[in-house]
Amino acid sequence: MRIAREHLDVIVGHARAEHPNECCGLVVTRDGAAVAVHQLENVAASPFRFEVDGLTLHQLMTDIEDAGDDLGAIYHSHTRSEPYPSQTDVNFAAHWPGVEWLIVGLADPAGEPLVRSYLIEDGDVREVAVERDG
């Protein structure tokens with residue numbers, strides 16, 4: 001997935017604003033490039049996990065599909081660890097094959113956040129490049 005600096009800035013800003021809790025959201029793509037970021041509410045309000053309202057997610061997915069776009073990535077933050085998928089992330093990813101998992105690491109909230117992306121399929125975690133446009 002290719003993503004513009006402005007979209008990454010929105011995601012990192014969301015992660016910082018929600019700290020110490022995890023943030024979460026979706027990256028919408030068209031032809032492999034990010035075209036929109038949707039910030040979602042972490043209804044779990046937890047520093048250890050995220051949860052999204054099912055009705056909100058269903059409506060947003062319907063809107064994405066109706067527009068002819070794709071869900072390119074699910075993003076969230078890790079507030080106390082490196083941006084690497086936890087076992088909870090791996091388990092959740094089983095329901096979203098082919099979707100990247102973009103994770104913002106805020107182990108040091110005053111420092112520079114680390115942003116990494118992964119494909120998680122059949123429990124196998126593979127890091128993929130975050131291709132920055134612009």
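Modeller: We can start with the overall layout and then turn to some backbone details. Keep in mind that this is a predicted model.

Biologist: How many helices and strands does the protein chain have?

Modeller: There are three helices and eight strands in the protein chain.

Biologist: And what pattern do they follow along the sequence?

Modeller: The order in the protein chain is β-α-β-β-α-β-α-β-β-β-β. The radius of gyration is 14 Å, close to the 14 Å that the globule rule gives for 134 residues, so the protein chain is as compact as a globular protein of that length.

Biologist: What box do the C-alpha atoms fill?

Modeller: Along the principal axes, the box is roughly 40 × 35 × 30 Å.

Biologist: What share of the residues count as buried?

Modeller: Of the 134 residues, 45% are counted as buried. As for the accessible surface of the protein chain, the total is about 7100 Å², and carbon and sulfur atoms account for 47% of that.

Biologist: What about contacts between residues at least 6 apart in sequence?

Modeller: Among those contacts, 64% join residues that are at least 24 apart.

Biologist: Changing topic to charges. How many positive and negative side chains are there?

Modeller: The protein chain carries 9 positive and 24 negative side chains. The centres of the two sets are 7 Å apart.

Biologist: Now the backbone. Which residues does a cis peptide bond join?

Modeller: Histidine 19 and proline 20, with omega at about 20°. Proline 20 sits in the loop between helix H1 (5-18) and strand E2 (24-30).

Biologist: Why point that bond out?

Modeller: Because most peptide bonds are trans.

Biologist: Then phi. What is the phi of aspartate 31?

Modeller: Aspartate 31 has a positive phi of about 55°, and aspartate 31 is not a glycine. Most residues other than glycine have a negative phi.

Biologist: Where does aspartate 31 lie, and is aspartate 31 buried or exposed?

Modeller: Aspartate 31 is in the loop between E2 and strand E3 (33-40). Its relative accessibility is 71%, and the cut-off for exposed is over 50%, so aspartate 31 counts as exposed.

Biologist: And what is the phi of alanine 45?

Modeller: For alanine 45, phi is positive, near 45°. Alanine 45 belongs to the loop between E3 and helix H2 (54-66).

Biologist: How does alanine 45 count for accessibility?

Modeller: Alanine 45 has 49% relative accessibility, so alanine 45 counts as partly exposed.

Notes:
Residues are numbered from 1 along each chain as its sequence is written. This is a predicted model: local features need pLDDT of at least 70, side-chain atom pairs count only at pLDDT 80 or more; totals for chains, interfaces and linings use all residues. Side-chain values use heavy atoms; hydrogens and water are left out. Helices (H or I, at least four residues) and strands (E, at least two) are DSSP runs, numbered from the N terminus. The radius of gyration is taken over C-alpha atoms; the globule rule is 2.2 Å times the number of residues to the power 0.38. Buried means under 20% relative accessible area, exposed over 50%, partly exposed in between (1.4 Å probe, protein chains only). Contact means heavy atoms within 4.5 Å. Accessible areas come from the Shrake-Rupley method with a 1.4 Å probe; for residues, only the protein chains shown count as cover. Lys and Arg count as positive and Asp and Glu as negative; His and the chain ends are not counted. The place of a charge is taken as NZ of Lys, CZ of Arg, CG of Asp or CD of Glu.
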